[in-house]
Amino acid sequence: MSKPQHDAGDTATVPGRPPRYTLIRAAALQARPWKNGGGVTREIAVFPEGAGMDDFVWRVSLADVAAAGPFSRFPGVDRTLVLLSGDGMVLQQDDGTRHALRRPLELAAFAGETPIDATLPGGATRDFNLMLRRDAARGRVEVWQGAGRHVLDGDLALLFCAQGRVEVSLGDDAPIALEADDTLRLVTTAALACRVEGDGALLAVSIRLLPLTPSDRS
């Protein structure tokens, strides 16, 4: 792979426009233990900046899950969970729906208000979480493995390095090296060409913000 031209904390800018990307290194993520002692969360990014669990529009985080148990409920939030490491996680909904994540990079999507009980057949796991306030944003997670060319499309996107090491080139920009748990946060990504080199894996998160309703503006 070519030598990358960017390092931790870099922000690419174009005169008169907002920054194209922000690089979030794994070492900058702060661990916050759960109140019940069942795991640890590391917030990667949230919007609006500084929002809490009751007022975010979207949120992306890592979770180290040490013990089985019920998920916290988040009414009005759509969730996507991707297994990153460990020997699997089973999510059992009270309506009988079952999500069995047996190997890394498998994902499950579900409503945040749904009662879910998680079991860990092989012990502790790490997972990636996307949370979207349903009346304010839409989004999806795609798994990109190995080298390839892609087109990013959304109001914003996040490229999370889930495995190994990759280099990402945005348009004609110099390549950006990502190690495991590093994230590239991009804005105004409509029709932005993205080239990936390396044998690692990325989780590509695309998010679109919904128009404000009259009640939101009041």
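Take the contacts in the protein chain between residues at least 6 apart in sequence: 69% of them join residues at least 24 apart. This is a predicted model. Its protein chain holds 20 strands and 1 helix.

Next, look at burial and surface. Of the 218 residues in the protein chain, 44% are buried. The accessible surface of the chain comes to about 10900 Å². Carbon and sulfur atoms account for 50% of that surface.

Now turn to the aromatic rings. The structure holds 3 aromatic pairs. One of them is formed by Phe47 and Trp58, and this pair is stacked. The ring centres are 6.4 Å apart, with 10 degrees between the planes. Phe47 belongs to strand β4 (residues 39–47), and Trp58 belongs to strand β5 (residues 58–65). The two residues are 11 apart in the chain. How are they covered? Trp58 has 0% relative accessibility, so Trp58 counts as buried.

Another pair joins Phe128 and Phe160, and it is tilted. Here the centres are 5.0 Å apart, and the planes make an angle of 40 degrees. Find Phe128 in strand β12 (residues 125–133) and Phe160 in strand β15 (residues 156–163). These positions are 32 residues apart in sequence, so the pair ties together separate parts of the chain. Are the two residues buried or exposed? Both Phe128 and Phe160 are buried.

One more ring deserves a look. Arg133 lies over the face of Phe56. The distance from the ring centre is 4.4 Å.

Key: Residues numbered from 1 in each chain as written. Predicted model: local features only at pLDDT ≥ 70, side-chain atom pairs only at ≥ 80, totals over all residues. Heavy atoms only, no water. Helix = DSSP H or I, 4+ residues; strand = E, 2+ residues; numbered from the N terminus. Buried < 20%, exposed > 50% of the residue type's maximum accessible area, 1.4 Å probe, protein only. Contact = heavy atoms within 4.5 Å. Areas by Shrake-Rupley, 256 points an atom, 1.4 Å probe, with all protein chains shown as cover. Phe/Tyr/Trp six-rings, centres within 6.5 Å; stacked < 30°, edge-to-face > 60°. Lys NZ or Arg CZ within 6 Å of the ring centre and 35° of its normal.
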